[in-house]
Amino acid sequence: MPKVKLPRKSTNIDMTAMCDVAFLLLTFFMLATKFKPDEPVVVKTPASISDIPLPDADVMLLTIDPKGRIFFSIDNKNFRKSLIDNIDQYKNLGLTEAEKNSFAIGSSVGFPFNQLKSFLATPPGDQKKLEETAPGVPADTSVDNPNNELAAWIRSARNTNPRLRICIKADQDATYPEVQKVIKTLEGWKIFKFNLITNLKAVPPGTAAYALAQGGAKK
Amino acid sequence: MAEMDTSSSGGHKKGPGVKKSKKLSTRIDLTPMCDLGFLLITFFMYTTTMAKPKTMEINMPYKDPNIKEQDQTKIKESEALTILLSKNHRVYYYEGIGSDPNKPPDVKVTYFKPSGGIRDEIIAKEQKVAQLRQSGQLLPKDEMTVLIKPDTNSTYDDLVNILDEMSISDVKTYAIVDITQVDQDFIQKTEQANGGK
């Protein structure tokens, strides 16, 4: 009986299909990616059942870290330039054009006004290191207090862009008096509506909110 | 790994002196390209933030210095629940607003818990107010009002938790109020009564 000849098959696989899939996924991720914004400090936000998404644009972010330092930032690059012009005029900081540009491309500010000039004068690469030891923007419970520099920032930011939404991103271990300073400052400028950034947590079953969510889903 | 050049094997022999033109395969090994593709995918998957942060909207009561005191709506003692946030995530609460110094309220302590915590107390108070409304002791428009008073040693986590409890239990009217000395004394007294913890 003759041997059955098995045709020898090549071990090579056509990679074209796999390559196609890889690049398809790559394209998807490249388009879907929004890079994590540069954050001065690591903040662990508390969880809530609220599921309102953060607005995409025109956000003023007030970050409070566990030690109670306050960082101020706005997202729109165009407004950052006019904001620093405004602040420079208002507080007579005497910033140079280069320092203003450094602010416009930077991320957030955690320095009092008297240290702002030297902070902005440092090259962008070293700014991040400085931010780690930044004292934070000084704040107070009253807007009339001249030491309440946060009030000046908020005032100027609202002057340059009145549509700004204010978001407070505080660490869960930040003590209440620190948060209160920010809230009182906002109240002082007649801002009574703002957002607190939280993580999402599941609605506990058997509560009024749960029934509401269920009822809403049925409709 | 490259593909075998099979297309030229069938060609006939050329005479001497004729240069053999080697036919090259048009196939390219795609493995490195595929590797690169996946490497980049890994990078983008790692850096991407798919979950957008969620926010909680909060409306503080409008403070207008022009409003005179007699025009302000007063909270009724029977519809109010005062919640004091204190250290170590403790929650003190009492019914009413504790304005009468002769009748100190019964301050109790609890924690944030899925059951048997502050949530049950809020629900119980809500039912009590609903009963009072039915029996006519409260007007139909009166609603339970929760006063949240965070102490100086409470954390932001507590504040968000209690605001969250408000939305969980669907409490319509609540306010964040500054803590008073009276309330701080209540906390101290309760602490002493519970063994000075």
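**Core, interface and loops**

Modeller: The largest nonpolar core has 68 residues, and those touching the most other members are A:Leu62, A:Ile70, A:Leu150, A:Ile168, A:Val179, A:Val182 and B:Ile83. A nonpolar core is a set of buried Ala, Val, Leu, Ile, Met, Phe, Trp, Tyr and Cys residues joined through C-beta atoms within 7 Å. This is a predicted model: local features need pLDDT of at least 70, side-chain atom pairs count only at pLDDT 80 or more, and totals for chains, interfaces and linings use all residues. Residues are numbered from 1 along each chain as its sequence is written, with chains lettered from A and ligands numbered from 1 in the order in which they are written.

Biologist: What does A:Ile168 touch, leaving out residues up to four places away in sequence?
Modeller: Its contacts are A:Leu62, A:Ile64, A:Val182, A:Phe194, A:Leu196 and A:Ile197. Contact means that the C-beta atoms, placed from the backbone, lie within 7 Å.

Biologist: Now A:Ile49. Where is it?
Modeller: A:Ile49 sits in the loop between strand 1 (47-48) and strand 2 (52-53) of chain A. Helices (H or I, at least four residues) and strands (E, at least two) are DSSP runs, numbered from the N terminus.

Biologist: Is A:Ile49 buried or exposed?
Modeller: A:Ile49 is buried, because it has 20 C-beta neighbours inside 10 Å. The cut-offs are 20 or more other C-beta atoms within 10 Å for buried, 12 or fewer for exposed, and partly exposed in between, with C-beta atoms placed from the backbone.

Biologist: Which residues does A:Ile49 touch?
Modeller: Not counting residues up to four places away in sequence, A:Ile49 touches A:Lys201, A:Val203 and A:Ala209, as well as B:Asp164, B:Ser167 and B:Ile168. A:Leu200 is 151 residues from A:Ile49 in sequence, yet their C-alpha atoms are 5.7 Å apart.

Biologist: How many residues of chain B are in contact with chain A?
Modeller: 43 residues of chain B are in contact with 51 residues of chain A. On the chain B side, helix 1 (31-47), strand 1 (54-59) and helix 3 (156-168) each give two or more residues. Helix 1 of chain B gives the most, with 10 residues.

Biologist: How do strand 6 of chain A and strand 1 of chain B pair?
Modeller: Strand 6 (residues 193-200) of chain A pairs with strand 1 of chain B in the antiparallel sense, over 6 bridges. Two strands pair if DSSP finds at least two bridges between them. A:Thr198 is opposite B:Lys54 there.

Biologist: And the open sheet in chain B, what is its strand order?
Modeller: The order is 4-3-2-5-6, an open sheet of 5 strands with mixed pairing. Strand 4 (108-110) and strand 6 (173-176) of chain B are the edges, each pairing on one side only. Strand 3 (residues 91-95) and strand 4 of chain B are antiparallel over 3 bridges, with B:Tyr93 opposite B:Lys108.

Biologist: Which loop holds B:Asn88?
Modeller: B:Asn88 lies in the loop between strand 2 and strand 3 of chain B. Its phi is near 55 degrees, a positive value in a residue other than glycine. B:Asn88 counts as exposed because 10 other C-beta atoms lie within 10 Å.

Biologist: What about B:Asp170, where is that?
Modeller: B:Asp170 is in the loop between helix 3 and strand 6 of chain B. Phi of B:Asp170 is also near 55 degrees. With 15 C-beta neighbours inside 10 Å, B:Asp170 is partly exposed.

Note on methods:
Two residues are in contact if their C-beta atoms, placed from the backbone, lie within 7 Å.
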